[in-house]
Amino acid sequence: MYLSRVILDHRKRETMRALSYPEMIHGAIEHSISYSEHRNLWRIDKLNGYYNLLILSEKLPDLQSIHDQFGIEDRLPESRDYDKLLQNIEDNQVFRFRLKANPVKSSAVDSNGGRGKIYAHVSTEQIAKWLLDRSSSNGFFLDRNGFKVMDCRWYRFMKSSRDNTARNNVTIKTATFEGILKVSNSKLFMEALMNGIGRGKAYGCGLMTIMKK
């Protein structure tokens, strides 16, 4: 797998549009990577005044078109081998982590047996509990005092249908988590890093990145 980064130029009109319409970034990423059954994960971080687009993909992407459309001219994209990190993960390791996710809950199944509705969590504590509840099944341990919830926001945009015959309204809430975790099950944790956590992956949610504490 490969973890890639493109530094975005917020002075470009297309970049500013894409920051509000995640479908634009998703489309550009899918176009840059040859077909793979593995879902590509991505996230945008704002660090030191720059917007950084991170992409985790099974195949090495061709980032030139994304760079030309959204990137800073003299800051070239970069990709690195992610398998080396995955292969060295062991139980009880401690990492700093960052995750942008779509913290939601499902209502009960209706009387006709249909799927329950999806609702976004609202309060900071609800959002924090959402991640705590998923930590064990994703192979890591969290202390509530060991991470923080930041940058909660709503995105509202139009999404085209697969056959491009219609456009639908999409509303999604995101939250960013940062803190310290401890690996409790290395296999489950690697799967979480590769496959993402939660819903909304097409819209820049689910990608967890880690670094040694």
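Predicted model: local features only at pLDDT ≥ 70, side-chain atom pairs only at ≥ 80, totals over all residues.
Me: How many salt bridges does the structure hold?

Reply: A salt bridge is a side-chain nitrogen of Lys or Arg within 4 Å of a carboxyl oxygen of Asp or Glu. The structure holds nine of them, including one between R153 and D151, whose closest N and O atoms are 2.8 Å apart, and one between R11 and D9, at 3.0 Å.

Me: Is D9 buried or exposed?

Reply: Buried means under 20% relative accessible area, exposed over 50%, and partly exposed in between (1.4 Å probe, protein chains only). D9 counts as buried because its relative accessibility is 9%, whereas R11, at 66%, counts as exposed.

Me: Which residues are linked with D45 in a network of salt bridges?

Reply: The network links D45 with R43, R98 and E178. A polar contact is a pair of N or O atoms within 3.5 Å; within protein, one must be able to donate a hydrogen and the other to accept it, and residues adjacent in sequence count only if both atoms are side-chain atoms. The side chain of D45 makes such a contact with the side chain of R43 at 2.7 Å, and another with that of R98 at 3.0 Å. D45 is itself buried, with a relative accessible area of 3%.

Notes: Residues numbered from 1 in each chain as written. Heavy atoms only, no water.
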